[in-house]
Amino acid sequence: MPGVPERWPGSFVVTLDGAMIGQILLRRATGHRRPAAEGKADLGYLFLPRAWGFGYAAEACAAALDWFDGLLPGEPVVLTTQTANVGSMRLAAKLGFTEVERFRAWDAEQWLGLRPAVTPSA
Ligand SMILES: CC(C)(COP(=O)(O)OP(=O)(O)OC[C@H]1O[C@@H](n2cnc3c(N)ncnc32)[C@H](O)[C@@H]1OP(=O)(O)O)[C@@H](O)C(=O)NCCC(=O)NCCS
């Protein structure tokens, strides 16, 4: 293990008072099973249960999306989650994702959302 972790653009560790509470990943959706998502930037998030329900995910994902908009202005972002995942569905809506389609995979109904390209202000 290197003493200092490698920097990996698009991969964020979310900390609270110096301790990790979650992870956010923005990566290129290559080989995505839905054509509408193929090749687009793809948002994923995972927080520790003890950190749920305080708005941390919304705050951290918004910051990651701001970072993304600054880096690649005018690019849309996609997100896939189970429709049964109420918290994740709510978070996606709060972040500005709207439904593209629902599909069946991994033994559950999945939701593909899209956050339209943010046009850089003149
Ligand atoms: C999904 C997840 C990131 C949400 O984290 P969180 O810190 O609780 O989210 P926030 O506190 O920022 O809440 C975002 C919104 O979702 C709502 N919400 C969160 N959990 C909820 C739940 N279980 N039921 C209903 N609403 C919920 C919040 O109320 C908030 O909406 P509001 O501002 O309108 O009230 C977290 O539950 C998680 O990491 N789950 C496991 C991993 C996962 O499911 N990832 C997605 C799969 S791709």
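Start by selecting Ala 51, which lies in the loop between S3 and H1. Helices here are DSSP runs of H or I with at least four residues, strands are runs of E with at least two, and both are numbered from the N terminus. The model is a predicted one: local features need pLDDT of at least 70, side-chain atom pairs count only at pLDDT 80 or more, and totals for chains, interfaces and linings use all residues. Residues are numbered from 1 along each chain as its sequence is written.

With C-beta atoms placed from the backbone, a residue is buried if 20 or more others lie within 10 Å of its own, exposed if 12 or fewer, and partly exposed in between. Show its contacts next: leaving aside neighbours within four places in sequence, Ala 51 is in contact with Leu 16, Ile 21, Gly 22 and Tyr 56. Contact means that the two C-beta atoms, placed from the backbone, lie within 7 Å.

Now select S3. Its covered face holds Ala 41, Leu 43, Tyr 45 and Phe 47, while Asp 42, Gly 44 and Leu 46 form the uncovered one. In a regular strand the side chains alternate between the two faces of the sheet.

Colour the partners of S3. Strand S2 (residues 19-28) runs antiparallel to S3 and is joined to it by seven bridges; strands count as paired if DSSP finds at least two bridges between them. Arg 27 has Asp 42 of S3 as its bridge partner. S3 also pairs with strand S4 (residues 77-82), in the parallel sense and over two bridges. Here Ala 41 stands opposite Val 77, and Asp 42 opposite Val 78. From S3 the chain passes through H1 to S4 in a right-handed β-α-β crossover; right-handed means that, with the strands pointing away from the viewer, the path from the first strand over the helix to the second runs clockwise.

Stay on S4. Five of its six residues are buried. S4 pairs with strand S6 (residues 108-115) in the antiparallel sense over six bridges, and Leu 79 stands opposite Gly 113 in S6.

Select Ile 24 and Cys 61 next. Of the 18 residues in the largest nonpolar core, these two touch the most other members. Such a core is a set of buried Ala, Val, Leu, Ile, Met, Phe, Trp, Tyr and Cys residues joined through C-beta atoms within 7 Å. S2, S3, H1 and S4 each supply at least two residues of this core, and H1 gives the most, five. Not counting residues up to four places away in sequence, Ile 24 touches Phe 12, Val 14, Tyr 45, Ala 60, Cys 61 and Ala 64.

Finish at the ligand. It is surrounded by 20 residues, and the closest are Trp 52, Ala 57, Ala 58, Gly 87 and Arg 90; the criterion is a C-beta atom, placed from the backbone, within 6 Å. Strand S3 (41-47), helix H1 (56-71) and helix H2 (86-94) each give two or more residues to this shell. Which element has the largest share of the shell? That is H2, with six residues.
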